[in-house]
Amino acid sequence: MPVRGTLAVIILAKQMRYIPSVKQDLENLVQVGLRISPTVLAQAIALAGED
């Protein structure tokens, strides 16, 4: 079983169409304490196609 981080799981969920968007979900996680740099957050959102 491959090990994946939170960002990868959320992006995969969008790619598999389990969720419609990653941006709001990631921003919500940051608000409740997910520690991630703004640069990495922006890259994850861009990778999901949500510039």
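Buried means under 20% relative accessible area, exposed means over 50%, and partly exposed is what lies in between (1.4 Å probe, protein chains only). Keep that handy for the exercises. This is a predicted model, where local features need pLDDT of at least 70 and side-chain atom pairs count only at pLDDT 80 or more, while totals for chains, interfaces and linings use all residues. Residues are numbered from 1 along each chain as its sequence is written, and side-chain values use heavy atoms, with hydrogens and water left out.

**Exercise 1.** Work out whether Arg17 is buried or exposed, and what stands out about its phi.

*Solution.* Start with the place: Arg17 sits in the loop between α1 and α2 (23-31). Helices here are DSSP runs (H or I, at least four residues), numbered from the N terminus. Next, the area: Arg17 has a relative accessible area of 76%, so it counts as exposed. Last, the backbone: most residues other than glycine have a negative phi. Arg17 is not a glycine, yet its phi is positive, about 65°.

**Exercise 2.** Describe the chain as a whole: which elements does it have, and what is its radius of gyration?

*Solution.* Count the elements first: there are three helices and zero strands, giving the pattern α-α-α along the sequence. Then take the radius of gyration, which is worked out over C-alpha atoms; the globule rule is 2.2 Å times the number of residues to the power 0.38. For 51 residues a compact globule would come out near 10 Å, and the chain has 11 Å, which agrees. The C-alpha trace spans about 25 × 25 × 20 Å along its principal axes. Finally, 22% of the 51 residues count as buried.

**Exercise 3.** Find the residues of the largest nonpolar core, then follow Leu7 and Val22.

*Solution.* A nonpolar core is a set of buried Ala, Val, Leu, Ile, Met, Phe, Trp, Tyr and Cys residues joined through side-chain atoms within 4.5 Å. The largest one holds nine residues: Leu7, Ile10, Ile11, Val22, Leu26, Leu41, Ala44, Ile45 and Ala48. Helices α1 (6-15) and α3 (38-47) are the elements that give two or more residues to this core.

Now zoom in on Leu7, which belongs to helix α1. Its relative accessibility is 18%, so Leu7 counts as buried. Leaving out residues up to four places away in sequence, Leu7 touches Leu26, Ile36, Val40 and Ala44 (a contact means heavy atoms within 4.5 Å). With that same exclusion, Val22 touches Ile10, Ile11, Lys14, Ile45, Ala48 and Glu50. Leu7 and Val22 are 15 residues apart in sequence, and their C-alpha atoms are 9.1 Å apart in space.
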